[in-house]
Number of protein chains: 2
Amino acid sequence: MLKHFDFKDFDFQYKDCNRSDLREEFGMIQRRAHELGIPILIVIDGWESAGKGYVISDLVREVDHKYTRVHLFGEADECEQKKPYLWRFWMASPARGEMSVFDHSYYFNVMDDFQLDKKTEQGYLKDIETLERQLTEDGTVIIKFFLNISQKTQRKRTEEYQIDKFKKVLVTERDRRQVQYHDEYEEHLNKILNATDFPTSPWNIIPSESMRTASLEVLGRTIEVLKSQILDRMDRLKPQEKVEITLPKGNHPLDKVNYSKKLSQEEYEEAKTKLESQMIELGYELHDKKIPTVIVFEGVDAAGKGGAIKRLTKGFDPRGYNVVPISAPSQTELSYHYMWRFWKELPDKGDITIFDRSWYGRVLVERVEEFAKEEEWKRAYGEINEMERIFCESGIFLLKFFLTIDAAEQLERFQARMLNIEKSYKLTEEDWRNREKWDLYTKAYNDMLSWTNKEDAPWILVPGNDKYYARIKVMEEVLERGRAFIKKREETRL
Amino acid sequence: MLKHFDFKDFDFQYKDCNRSDLREEFGMIQRRAHELGIPILIVIDGWESAGKGYVISDLVREVDHKYTRVHLFGEADECEQKKPYLWRFWMASPARGEMSVFDHSYYFNVMDDFQLDKKTEQGYLKDIETLERQLTEDGTVIIKFFLNISQKTQRKRTEEYQIDKFKKVLVTERDRRQVQYHDEYEEHLNKILNATDFPTSPWNIIPSESMRTASLEVLGRTIEVLKSQILDRMDRLKPQEKVEITLPKGNHPLDKVNYSKKLSQEEYEEAKTKLESQMIELGYELHDKKIPTVIVFEGVDAAGKGGAIKRLTKGFDPRGYNVVPISAPSQTELSYHYMWRFWKELPDKGDITIFDRSWYGRVLVERVEEFAKEEEWKRAYGEINEMERIFCESGIFLLKFFLTIDAAEQLERFQARMLNIEKSYKLTEEDWRNREKWDLYTKAYNDMLSWTNKEDAPWILVPGNDKYYARIKVMEEVLERGRAFIKKREETRL
């Protein structure tokens, strides 16, 4: 896209427009998009000194600042480095009705280094593809611009800025590197742009020899895309054929659970004491090796998630872990992609986050209670698999427990809770309603266990009819898998 | 408090209690506090290796993790250093019904360095006093523990941990320093503890030669304090005498505004062009010198805040500023101290945050519309002055603009908006209702302008009947005061 780029006869479509008119039109169309709840993500990338700042200034001049945030991305700082690479971009993604403008973006790392090894580069590109697709499928309009300038222009600007009292802060090692290795960069950027020119989020390559003309073109094209997106959405409100998502045939992992497993109190106490000290060691080791740990607990109501979590955390230093209870999303959370609130809670390197319920709510409660549309929860299996892949590839130690009891045991526990005043707060109307939907939930559990069971992130099924057995089982699994994870990680590093 | 401390005959009140019983009782009382919406802040500080981790583990064992967060504070990391010192503690403060446990705390910096100069130390102590008082007055229960051990015990533990495969990560330079300079530290810590032993947030000095006994004591005392706080709140629900907050006599700054100031379009265009390039320079300079800038806009409805902000930001790089519109707080925001959401939005060093309305809502709309209780808005003048003092002392360049128009001009603008379809979204029912309360608002404005006008953070009154004049005036003031701020800062540094 950059090679043999036609700077001379580029077809500028908006170069004769009046700048104020375009800005005001954009302001108007942005307000309309806000009313319609459309999230807008505008990526302004390009060569160093290509005029990104200039273009963004123009772009946001007449927009409503209430719904606009401009984000400048460069090297990740200390605290961002504690999270997976995509974390800060998820955090800055626009809510419904809002607009985020990214100066540089999640393309920064992959564009900045022309000597990236093949594997790292492919990793970045895959993550970016996933991010853009997930946001687009959720309704975000992504508009991407790459400001293109010739080597000559870049050199000239860099030299001019360097001797300017104020602009000199704008010139960094990066500018000089790009000027010096122009051909290598052109080759590299060209490859990246081609690889990420997706149908629903294509690149607009804009020559920026004149920043003013480039800016008009960015304004004009942004307006055009937004207008067509708004009309397109109107169109989609009309009745139309439903897109059918077909999922493979699922298994019934829950059918195979052996609920008779048991431990005596004596066996329990003995195992507990032995495992606890080992857990403490594991906790220190994970911390010491700066491994971020995510432990997910899902399960049938009253299966004993709470007790298992409490027992488990007894072995961890309370300063190193957080239990994140997941219930219905707040208004703010609802205004983002449903994954946003889980990304938000990811642990720093060396810390442990325990999710008491999780993103799987999308394919469980949201599916059964019909809070999510069919196409949404069906799409979620893939989305979740992708998200967990990104977690694992970023170095997170991920464990997923599913605690289960049979219907008779659940009834017994509900009844016991009804009669115990101290535990009655644990039982709500909703629990009884969910019980009536036992079969629907069982189907949802089985589908989830079938379709989101992966080598890196397998489901660990724990029969919970006997609490002693379940708690010890959870500790044993954490220990065993934790040690295996550390071992494998050390081996890979050698 | 530490000197001649009686380790031998210390009066432990809970040493014979059953640990599980205490933990469970604490769990129960915490749930009750949650139901009553009481925010709880527990500070666990003390000598290094005194057993803070052990005590916290015990403390949170049986609590509901849904409402509990444990925060470990040490040196501020890179991103925390971009904010005022108290920022991370405000961010970690508990919401209503929640509990935060601080391992170390905002006492970290002042306790950690026994060679602090007098002035810095006094600065820390003043800030801490303000923080604890503001949180307490807002209903937070603060319970502070200092775990005390002898030099001998500290040395022994440090040596033991150092050779332990896992615990060695717990031993830092800080431990060794405390062992080496024990007497100096004792002197220093003693002074800090005495200076911060406030009536509503006193210190509990607990000997921790045996961590187990210390832990029982912390549990027991925490339960005791919470119980009495809960009963105390019940008590306060009974009708009782109102505490009268008396405020000094206010002036009427608005009476003196000269609304006749005007610029011709020609004068406006000329001034605008001249000032704009100077604004760009100022923006770069503030960024270059890593000065965080906060610009507050308040004003009469339709006085032209939006236009003035738009004109002003035209001179700034959009990647360096954020406009934060303040409207009614969200549910989440409501669950914190009302200042929390403003602390949250503070700019990093080198960035600019423009508040379109601000924390002054407390003494304006919340006062007039009676969203805040009388004692709350009356207390707010002092709280705001303290918060702004802390902002300024932390190096923030703070500017406060008040845009005003007279009643006749407002009526004219409202009518114009009614008739202009493009601007009609700017006018709501609420605007008309506010207009009916013109006198009440004027009184609130005058009181605010009188009582929150300080040398470091003065109000800049801008008559807005003529939009040209107002916009230029705002730019001129930002320029002039910005330059003066930079100059003064350089002089102080020499």
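Reply: Contact means heavy atoms within 4.5 Å. The model is a predicted one. With neighbours within four places in sequence left aside, B:Gly315 is in contact with B:Met279 and B:Ile280. B:Gly315 belongs to the loop between α11 and β7 of chain B.

Me: Why is B:Gly315 called buried?

Reply: Buried means under 20% relative accessible area. B:Gly315 has 4% relative accessibility, and therefore counts as buried. The C-alpha atoms of B:Gly315 and B:Glu281 are separated by 8.7 Å, although these residues are 34 residues apart along the chain.

Me: Why does A:Thr213 count as buried?

Reply: The limit for buried is under 20%. A:Thr213 has 19% relative accessibility, so the residue counts as buried. A:Thr213 is part of helix α9 (residues 211–237) of chain A. Residues up to four places away in sequence are not counted when A:Thr213 is said to touch A:Phe12 and A:Lys15.

Me: What makes B:Asp356 a buried residue, and which residues does B:Asp356 touch?

Reply: The relative accessibility of B:Asp356 is 15%, so B:Asp356 counts as buried. B:Asp356 lies in strand β8 (residues 352–356) of chain B. Leaving out residues up to four places away in sequence, B:Asp356 touches several residues, among them A:Lys66, B:Phe297, B:Lys305 and B:Val324.

Me: Why is strand β9 of chain B described as largely enclosed by the rest of the structure?

Reply: In this strand (residues 397–404), 8 of the 8 residues are buried, so β9(B) is largely enclosed by the rest of the structure. In a regular strand, side chains alternate between the two faces of the sheet. Both faces of β9(B) are covered: B:Phe397, B:Leu399, B:Phe401 and B:Leu403 are buried on one side, and B:Leu398, B:Lys400, B:Phe402 and B:Thr404 on the other.

Me: How do you know that β9(B) pairs with β6 and β10 of chain B?

Reply: Two strands pair if at least two bridges are found between them. Strand β6 (residues 293–299) of chain B is joined to β9(B) by 7 bridges, and the two run parallel. Between β9(B) and strand β10 (residues 459–463) of chain B there are 5 bridges, again in a parallel arrangement. For B:Val294 the bridge partner in β9(B) is B:Leu398, and for B:Thr404 the bridge partner in β10(B) is B:Pro463.

Me: How much area do chain B and chain A bury between them, and how many residues does each give to the contact?

Reply: The size of an interface is often given as the accessible area lost when the parts come together. Chain B and chain A bury about 4100 Å² between them, with 57% of it on carbon and sulfur atoms. B:Phe166, B:Tyr284 and B:Arg319 supply 18% of the area that chain B buries against chain A, more than any other three residues. The contact takes 41 residues from chain B and 42 residues from chain A.

Me: What makes A:Glu62 and B:Lys310 a salt bridge?

Reply: The definition requires a side-chain nitrogen of Lys or Arg within 4 Å of a carboxyl oxygen of Asp or Glu. For A:Glu62 and B:Lys310, the closest N and O atoms are 3.4 Å apart, and the pair therefore qualifies. Across the interface of chain B and chain A the rule finds 8 salt bridges.

Me: Why is B:Lys82 called partly exposed, while A:Asp77 is called buried?

Reply: Partly exposed covers the range between the 20% limit for buried and the 50% limit for exposed. B:Lys82 has a relative accessible area of 27% and is therefore partly exposed. A:Asp77 has 13% and is therefore buried. The side chains of B:Lys82 and A:Asp77 meet in a salt bridge of 3.4 Å, N to O. This pair crosses between chains, and each residue lies in the loop between β2 and α3 of its own chain.

Me: What does the salt bridge of B:Asp64 and B:Arg31 tie together?

Reply: The side chains of B:Asp64 and B:Arg31 meet at 3.6 Å, N to O. B:Asp64 lies in the loop between α2 and β2 of chain B and B:Arg31 in helix α1 of chain B, so the pair ties together parts that are 33 residues apart in sequence. B:Asp64 has a relative accessible area of 12% and is therefore buried.

Methods. Residues numbered from 1 in each chain as written. Chains lettered and ligands numbered in written order. Predicted model: local features only at pLDDT ≥ 70, side-chain atom pairs only at ≥ 80, totals over all residues. Heavy atoms only, no water. Buried < 20%, exposed > 50% of the residue type's maximum accessible area, 1.4 Å probe, protein only. Helix = DSSP H or I, 4+ residues; strand = E, 2+ residues; numbered from the N terminus. Buried area = accessible area lost by both parts, 1.4 Å probe.
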